[in-house]
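Welcome! Here is a friendly walk through one protein model, in questions and answers.

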Amino acid sequence: MKKTVVFVWVVALSFLVADQLTALEAPLSITGLVKQPLNLTLSDLGQYQTITVQLNEVMTDHGYRGSFHFKGVPLRTLLDVAYIEKEESDFHKRVDLGLLVRNGQGKQVALSWGEVFYRNRGEIVIATSAVPIMPHHDCIQCHEPEVYQPRLDQLHRTIRFPKLVISNDTYADRSIEGITSIEVVDLRPKMPTKKMDKLFSPEFAVTGRVQKEVLIKDLASYPRREIDVRHLGEGKGYHGIDRFEGACFKAVLEKAGIEDDLTLVFLVSAPDGYRSLFSYGEIFLNPNGERMIIANRMNDEALEKGGKFFLVPPDDLMADRDVKSVQNIEVISLRQTPKLYVIGIGSGDTNLVTLEAVSKMSRADMFVCPPDIRDRFAKYMGGKPVLFNLYDFAPPVLKRENPGLSTDELAELGDKKRTLAAGIIREAIDKDKSVAILDYGDPTIWSGSSYVRELFGDDILEMVPGLSSFNVSNALLKRKLGCNGSIVLTTPRGVRENIGMIRALATSGETLCIFMGIREIPALVGILSRYYSGNTPSRLVYKAGYSASEHLITTTLDGLENAAGEYHEKYLGLIYVGPCLSVAEKRNERL
């Protein structure tokens, strides 16, 4: 009777815990070297065909995190949808690509492309739910409560999903929870390749993040290992079985001194530029890592052709990660250091954001942005915290909120607020968090975030350009704006303080585009009319890129003030002046 009660209780608890385990959600982005970046919620992942795998979460420190049946989507399936494709490179195979997986707590794990695509799909899964594997009997007969109770407690802990599950690892340190991003990276896109009549290297080096660089000319000091290897390549198909003899790849790395770092990868290359990438986890946490060898003999003969050293990963389903004539093993960390990203989110609608912007958003742990950007780009931001709105202390806002202050006092207040904001960002970076400032259009032109370039060094700051309202407006105008050779971008201040430039532009008929000038049109027309005729073609482009509200007004310089006064939008707009506005684009016309 007692056993029956225990069993019923166990089954009921399993379903109860399964509900609890799926309660927490962290959106997942797949970016980097992909043609179709993905931003997936748990609901989105549920639309894919799923599989169930078992993971016994025993860690390298012998800690125990429970045993579960995880249900999820093979990582390879998601990467197939995202469509990995290299950009310009002499080396077109993907076997040298890496994957960096991050979670919301800042943990990072490196995978190799090969361990995802040259192993069975079920080995690496993005899990969306779990059911604990409960023992059928209690442990009171063999252990004291202080031993078995903490282990049982692990079976009904809350798990953050999505979770990276690498089911075949001996130790589960790489199976991290609450993952938020997977980035595909090419570490050496400019590494050249060349054809060689005879591929041979008499020695190889282990370099990079090692305690000591080593140059290996023979394998005599390493324990010998023999292994039969099936050759099946993506290009030439099946090529039989050979017996290789050499040293364990893991032992070679250990002799150079490899730190325990889940973000490490090993790039193995030959003199002709052929290379393959392997992750720390697949060598040091997966049992297959023990079988990988650097061979110097094949079928009882020393390797000459394609020698003298041959890296063989025998458990790959394809042989394309084999590296003949090993010349260098570079140890590299994929770990991302904290950054301050200034990201242009484009002009207007979310469909104008660049793939690079989406990729960098996935790297951020915190954001700085106005509320409307937060609302429109929430799917890319993944529920991560917003520190503040960078436009809260823009000059027009400060002037409106502090009408009694003088110009100098407003400038001083702005400086203080920007310094305080920079301190908030600095504190986050010091805590190993990356921060992304999301700004309108292209922040490399004019931006409310320009002050950060003065307060943060180039080692921390990274600029991500966006599609400017200037670009979108040009598409709406459908005119040959550079018909006389130049297009000049400026602001009302630039017009006021560069009268000589305005005179020269009017004389040569160049196109003038004025940012942030809608509120100052009366004063601007007063200046421009000194040098441009009243019938000079002029245009007003409002809210370029906001498809539901963008608006184009065609007028002349004389009609510019009335046209702007009659339209309700008083801030978001560009002003164009110049004769080229009447010149239509013509195909095949030479500049």
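**The fold and its rings**

The protein chain has 18 helices and 29 strands, where helices (H or I, at least four residues) and strands (E, at least two) are DSSP runs numbered from the N terminus. This is a predicted model, in which local features need pLDDT of at least 70 and side-chain atom pairs count only at pLDDT 80 or more, while totals for chains, interfaces and linings use all residues. Residues are numbered from 1 along each chain as its sequence is written, and side-chain values use heavy atoms, with hydrogens and water left out.

Q: What percentage of the 591 residues in the protein chain is buried?
A: Buried means under 20% relative accessible area, exposed over 50% and partly exposed in between, with a 1.4 Å probe and protein chains only. By that rule, the buried share of the 591 residues is 52%.

Q: What share of the contacts with a separation of 6 or more joins residues 24 or more positions apart?
A: A contact means heavy atoms within 4.5 Å. Among contacts in the protein chain with a separation of 6 or more, residues 24 or more positions apart account for 71%.

Q: Which residues does R374 contact, leaving aside its neighbours within four places in sequence?
A: R374 lies in helix α9, residues 371-376, and is partly exposed at 38% relative accessible area. V386 is 12 residues away from R374 in sequence, with 8.0 Å between their C-alpha atoms. With the neighbours within four places set aside, the contacts of R374 are C369, M381 and V386.

Q: How many residues apart are Y391 and Y440, whose pair links distant parts of the chain?
A: Rings of Phe, Tyr and Trp (its six-membered ring) pair if their centres lie within 6.5 Å; planes under 30 degrees apart count as stacked, over 60 as edge-to-face and the rest as tilted. The count comes to 17 aromatic pairs. Y391 and Y440 form a tilted one, 5.6 Å centre to centre with 50° between the planes. Y391 is in the loop between α10 (378-381) and α11 (395-401), Y440 is in the loop between β23 (435-439) and α13 (452-455), and their separation is 49 residues.

Q: Over the ring of which residue does the charged end of K543 sit?
A: A charge sits over a ring if NZ of Lys or CZ of Arg is within 6 Å of the ring centre and within 35 degrees of the ring normal. The charged end of K543 is 5.0 Å from the centre of the ring it covers, that of Y546.
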